[in-house]
Amino acid sequence: MFDPRGTQTLFRTLSRNHYNLLKMVDNKASIILTINSIIISLIMGAMYVAPETEKMAIMTGAKILRIFSMLSMIFAVISMLPHRYLGKKFKDSGYKGTLYADNFATKSIEDFRKEFERIMSSGEQVYDEMINDLYFLGVVISRKQRMIWFSTIIFLIGLIATAIVSIGQGLNVL
């Protein structure tokens, strides 16, 4: 038995969940960028004020941490890039991505109207379009979350490597 109100609630809930996931990815990326920026600033400051006798000992750990922080920041920035429906799945699906602003912004108003009228021609077509859009948005969110995961892992590897090098050099950095 088809329940139109239940279906509308489902789509509203999924859309809200996808929106919240996109916001969370952007917030996490922003936190990663902020933390790494602070760390890089502190390292540069420490290098400047360190006594000459300790600069060489600090330099190796500082280089490692700077490199890994920069790599982490790159992945965080990539995760924040505006999403696009790309890839083999999207091309093979035949879905045009009409509901996504970046896809219809390149069309003329006449082409956009025709496509939207085609979508609205039947209730089933509207739902099909929304299902496709939610699926590909989920694919994009998954890719963005993977970038945040890589960014975090790179940061952790840098911290661990720096701690090991610092301990190996006999510094009391920790």
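Helix H1 passes helix H6 in a left-handed crossing. The model is predicted. Ser151 sits in H6.

**H1 and H6**
- H1 spans residues 4-49, and H6 spans residues 123-168.
- Their axes come within 10 Å and cross at roughly 20°.
- Angles under 35 degrees count as roughly parallel, so H1 is roughly parallel to H6.
- The residues of the contact of H1 with H6 comprise 18 nonpolar, nine polar and two charged.

**H1 and H2**
- Helix H2 covers residues 52-80.
- The axes of H1 and H2 come within 9 Å, crossing at roughly 160°.
- Angles over 145 degrees count as roughly antiparallel, and H1 and H2 are therefore roughly antiparallel to each other.
- H1 passes H2 in a left-handed crossing.
- In the contact of H1 with H2, 19 residues are nonpolar, six are polar and three are charged.

- Ser151 has a relative accessible area of 0%. Buried means under 20%, so Ser151 is buried.
- The Ser151 side chain reaches the backbone oxygen of Ser72 at 2.6 Å.
- Ser72 is also one of the residues in contact with Ser151, once neighbours within four places in sequence are left aside.
- Ile32, Phe75 and Ala76 are in contact with Ser151 as well.

Conventions:
Residues numbered from 1 in each chain as written. Predicted model: local features only at pLDDT ≥ 70, side-chain atom pairs only at ≥ 80, totals over all residues. Heavy atoms only, no water. Axes fitted to C-alpha atoms, helices over the stretch in contact; angles between N-to-C directions. Helix = DSSP H or I, 4+ residues; strand = E, 2+ residues; numbered from the N terminus. Parallel < 35°, antiparallel > 145°, perpendicular 65-115°, else oblique. Left-handed = near helix turned anticlockwise from the far one by under 90°. Nonpolar A, V, L, I, M, F, W, Y, C, P; charged D, E, K, R; others polar. Buried < 20%, exposed > 50% of the residue type's maximum accessible area, 1.4 Å probe, protein only. Polar contact = N/O pair within 3.5 Å; in protein donor to acceptor, adjacent residues only side chain to side chain. Contact = heavy atoms within 4.5 Å.
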